Amino acid sequence: MKLTINTPEGTRDRLFSECQERRQIQSRLTRLFRQRGYLEVSTPDTEYYDLFALSGSAIPQERMVKVGDPSGKFCVMRPDSTTPIARVAATKLCSLPLPQRLYYDQTVYRSNPAHNGGSREIPQCGVELIGAKGKKADLEIIVTAVDALRSCGAPRFHVELGHAGFFRDLAGRLELEEDKQEQMRALIEGKNFAALSAFLSPYDGHPACAALKQLSRLFGGTEVLDEAERLAGRTEAVDYLRDLYDELSAAGYGQYIRFDLGMVHQIDYYTGVVFRGYVEGAGDAVLSGGRYDHLVEVFGREAQATGFAVDVDAVARTLPEIVLPRLRCVVHYEPGYLAQALEAVDGRPAGTCELSPCRTLESTRNLARDKGAEAILVFDKDGERMVLV
Amino acid sequence: MSERLRIAITKGRLLDQSVKLFEQAGLDCSPIKDPGRRLIHAVPNYPLDAVLAKAPDVITYVEHGVCDLGIVGRDTILEKGGAFYEVLDLGYGKCRFALAVKEGSDFYGTYKTRRIASKYPEVTRAFFEKKGMDVDIIKIEGSVELAPILGLTDAIVDIVETGATLKANGLVPIETVAEVSARLIVNTASMKLYKNQISDFIAKCEAQLEGKA
């Protein structure tokens, strides 16, 4: 039988600097999360499909990676981490006082259409603040999102805020049937300006219509909030966003904050503030989150919650490549001198010096030449000496 | 990322009409019209670089963010899908997807599972799924009209402009599946990161479209 030696589509081997670039992001993010009081949880790679189906996951079934289970039940590789963590919070942590601050550093799995270059394995670092509602909880999560992107070293980035309530409020005033409302939502989400305008023209003159027509264009700085107020009058959602912005500005975060009131994805899942982070150089949002007050209760515990996830690879791709140190020196030692040889390796910058596995100095010299090292450090009965290659 | 926006334009007829639109909007398109051996064409009097590509590739480039904007037919958007903003109906490249059958045949008058030939299996699937109808879809790469004539399928789903080709082959369109025209699409991150430049470009195009309407 001829073996297939390629990796499956959407997966890849990561070598050397690629691993470091990823680890660097992960360690910066998780250090921040720990600093802010979040505790790490890790959930299984494989879960019952029901978990995601019951909780109304935004990931459609066809994008979940399925695996068999000896029980005969249908399993999938976790397509997101929030749902399993909500399960944990409602079950294993049910005797602990709320709020609980949890973070994760784990991969999610999503299958893509063939040949689209997308990855099936997406490493994410994220936080969930479970059992806290209100402005202070939202503020905490948003500043942590900003600090997360900042800690990664992204030179130009911003976090965009929206509010699920704004669309619900406006759409409610129009009293559309469910499928019509969904059609409108999709047009707003896709920023389909012209089609949205045409869709809404039968409702011209309705008080909510002007605002809905403009909804996909309502993104940018605080002027967006003024415009929303002009179009829709005072709304709880916009007042709340303004309030958040004032607090964020006072804390020095204003420059990183933008708004997009047309952020209407997963409208049945998110219950309040939603947000996304954009970094220059990435073709899509690299951070995504929001308030989801009804998810945890699906698993039997009432707890409002908010959180976000960072796509580690997407962030890593926007940063300069890490250049690995070059091997400069090979250590050759005679039997009995291992301790001294090790001391020499451990005393130099990582990756610049390594032990030679060769028995003779001559073979070590050949090895050093092949690997491009400049010098050989020899330890034997005459002590320590440096030989140039 | 540079200060200049990059747009991918579908080659062929949509390109000619896009150039016309751009020129009406005051953009100097001489490098696009006379491309020579270059692959990226800089508009001299506006911060825009154009690349020309096949329709599905326009979506690919925009989705991955290597182009900020794209011009592509709605037919390709419906078939290929993807995550991007579809901001404008440019009004040209108009045609429609239609379900067409052999003249005189009764497509809906049977309980048998019908077979449909199409170059656009995804559009076809979505159309019948919405109807709650099970059909067998056969992908044909060339002249789809041949399939029902040869007796391979009961119907076709294809792009119809005038209907002349259908008629010449004894086929009649019985239902519109979707209206098609050229669309301006925008990468989701570019829209946010270069809002002012992109809004300016959209407004320029919009002004021309409104002028015509």
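## Chatting through a two-chain model

Among contacts in chain A between residues at least 6 apart in sequence, 69% join residues at least 24 apart.

Biologist: Hi! Before we dig in, what kind of model is this?

Modeller: Hello! This is a predicted model.

Biologist: Good to know. What ipTM and pTM does the predictor give the complex?

Modeller: The complex gets an ipTM of 0.77 and a pTM of 0.88.

Biologist: And what is the mean pLDDT of chain B?

Modeller: For chain B the mean is 93, with 98% of its residues at 70 or more.

Biologist: Back to chain A, then. How many helices and strands are there in chain A?

Modeller: Chain A has 14 helices and 16 strands. With a radius of gyration of 27 Å, well over the 21 Å that the globule rule gives for 389 residues, chain A is more spread out than a compact globule.

Biologist: Nice. What box do the C-alpha atoms of chain A fill?

Modeller: Along the principal axes, that box is roughly 95 × 55 × 45 Å.

Biologist: How many of the residues of chain A count as buried?

Modeller: The buried share is 40% of the 389 residues of chain A.

Biologist: Let's switch to where the chains meet. How many residues does the contact take from chain A and from chain B?

Modeller: Chain A puts in 17 residues and chain B puts in 16 residues.

Biologist: Which elements give two or more residues to the chain A side?

Modeller: Those are α7 (193-200) and β8 (219-220) of chain A. α7(A) gives the most, with 3 residues.

Biologist: And how does that side split by class?

Modeller: On the side of chain A that touches chain B you'll find 7 nonpolar, 6 polar and 4 charged residues.

Biologist: Great, now over to chain B. How is chain B divided into domains?

Modeller: Domain 1 of chain B covers 5-93 + 181-209, and domain 2 of chain B covers 95-180. Their C-alpha centres lie 31 Å apart.

Biologist: How many residues of each domain are in contact with the other?

Modeller: In chain B, 6 residues of domain 1 are in contact with 8 residues of domain 2.

Biologist: Which helix gives the largest share of the domain 1 side?

Modeller: That would be helix α4 (residues 74-80) of chain B, which supplies 4 residues of the side of domain 1 that touches domain 2.

Biologist: Last one: how many residues on that side are nonpolar, polar and charged?

Modeller: For the side of domain 1 of chain B that touches domain 2, the classes are 1 nonpolar, 2 polar and 3 charged.

Conventions: Residues are numbered from 1 along each chain as its sequence is written. Chains are lettered from A and ligands numbered from 1 in the order in which they are written. This is a predicted model: local features need pLDDT of at least 70, side-chain atom pairs count only at pLDDT 80 or more; totals for chains, interfaces and linings use all residues. Domain bounds come from an automatic or database domain assignment. Two residues are in contact if their C-beta atoms, placed from the backbone, lie within 7 Å. Ala, Val, Leu, Ile, Met, Phe, Trp, Tyr, Cys and Pro count as nonpolar, Asp, Glu, Lys and Arg as charged, and the others, Gly among them, as polar. The radius of gyration is taken over C-alpha atoms; the globule rule is 2.2 Å times the number of residues to the power 0.38. A residue is buried if 20 or more other C-beta atoms lie within 10 Å of its own, exposed if 12 or fewer, and partly exposed in between; C-beta atoms are placed from the backbone. pLDDT is the predictor's confidence in each residue, from 0 to 100.
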